[in-house]
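Student: Hi! I've just opened this one and could use a guide. Can we start with how two of the helices meet?
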Amino acid sequence: MYRPQNLRIPGPTFVPQSVLAASARPLINHRGPEFAALLAALTRALQDFLRTEHDVLILTASGSGAMEAAIANTLSSGDKVLACDELAKEKGKDGAKAVLLTHNETSTGVLNPVKDIAAVVRESGKLLLVDSVSGAGCSELEIDEWGIDVCVTASQKAWGAPPGVSMITMGPRAWKAYEKSNLPKAYFDLGSYKASLEKAQTPATPAVTVFIALQESLRLMAEEGLEAIIRRHRHLARATRRGLQAVNLQLFADERYASPAVTAFRPPARVDARNLIRILRDEHDTIVAGGQGKMEGQLVRVAHLGFVTLQDIVAFFSALELTLRDLNQPVEPGIAISAALRTYAESTQQQSSRPAARAASRPAADPVATRR
Ligand SMILES: *Cc1c(COP(=O)(O)O)cnc(C)c1O
């Protein structure tokens, strides 16, 4: 029997049928006019979604490649960098050149308050490099308004495209730092990306297929609208947390910093998370992620970013309830599902009862329509 998978990992995320179809188009000349038009349109669309007028450079590399580029193009050997939890106490006496900050921590399901942290960094005069690989496109992010110098994201997270492409923004302070930076770089030399972009090209052969796919997913996202996308993620994340709590599973992140993209939770007492994850996969076709590093076996991470719907979350809870039963942790059938549905109904009702919000919450072109 054909059994579709419910892919609930934090990237690669579900890719809609029309995006997959776009990636199956015949190849084009990456030095020709079609690609030039594609690159220009993609760059403009990404500037809109990332709320920036800074340069947006599209790299053929995963998010890690763009993070390496962020560092290699702005820092020099011997430069110090700060992790965000040291900021307040260091008060600028640290001699650090830059602050590295993760916007959405995919490993723990925590959304960091980038806006507040950015304000502190701005005062200190340091560069702010933000890893928003899994935060951009599903949570509030104002690159220019908040003063983010370099920001990185990747195609296979909230953007719902196949992996292979990452995006990096470079503001004026970042370009100034680039002039002085002496770290080795060749493939990731962002100056050459900027120079090529002026001719609507990339320095080396790009992953043309993924660029085309990304353009289609950005088109679907533009139909829904960024505000509606952010709201949908917030509502689905909240519904997920309430569903988990309804079956007495402990959430890992503080509610105030709960991620709209991924929720991490502890398995029931005396259950290894890896076992729960295996049963979800083998018996119930539901693919979630585990804890990383020292959290292996202790965390389960269920993702709700990208082209995700309430139906996906309900399907996840039906699989989770069955898995808990398999693990001799019986739950009343439907209890997590109904908590998730109730929470979602409450969140969306509050929203539609506010007259001003109603126009903005017009039903979006449903990506699910093209689905299975
Ligand atoms: C996925 C992810 C990365 C790594 O990106 P790759 O595309 O796998 O190289 C880095 N940071 C965060 C926050 C991520 O979610």
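Tutor: Helix α11 passes helix α12 in a right-handed crossing, meaning that the near helix is turned clockwise from the far one by less than a right angle. This is a predicted model, where local features need pLDDT of at least 70 and side-chain atom pairs count only at 80 or more, while totals for chains, interfaces and linings use all residues. Residues are numbered from 1 along each chain as its sequence is written, and side-chain values use heavy atoms, without hydrogens and water.

Student: What is the angle between α11 and α12?
Tutor: About 115°, with the axes of α11 (residues 273-284) and α12 (residues 310-326) 9 Å apart. The two are therefore roughly perpendicular (65 to 115 degrees).

Student: Which residues of α11 meet α12?
Tutor: Leu276, Ile279, Leu280, Glu283 and His284 do, and their partners in α12 include Phe316 and Leu320; contact means heavy atoms within 4.5 Å. By type, the contact residues are eight nonpolar, two polar and two charged.

Student: New topic: how many residues does the largest nonpolar core have?
Tutor: It has 46, and Ile148 and Trp159 have the most contacts inside it. Such a core is a set of buried Ala, Val, Leu, Ile, Met, Phe, Trp, Tyr and Cys residues joined through side-chain atoms within 4.5 Å. Helix α9 gives the largest share, nine residues.

Student: And Gln47, buried or exposed?
Tutor: Buried, with a relative accessible area of 12%; the cut-off for buried is under 20% (1.4 Å probe, protein chains only). Gln47 is in helix α2.

Technical notes
Axes are lines fitted to C-alpha atoms, for helices over the stretch in contact, and angles run from 0 to 180 degrees between N-to-C directions. Helices (H or I, at least four residues) and strands (E, at least two) are DSSP runs, numbered from the N terminus. Angles under 35 degrees count as roughly parallel, over 145 as roughly antiparallel, 65 to 115 as roughly perpendicular and the rest as oblique. Ala, Val, Leu, Ile, Met, Phe, Trp, Tyr, Cys and Pro count as nonpolar, Asp, Glu, Lys and Arg as charged, and the others, Gly among them, as polar. Buried means under 20% relative accessible area, exposed over 50%, partly exposed in between (1.4 Å probe, protein chains only).
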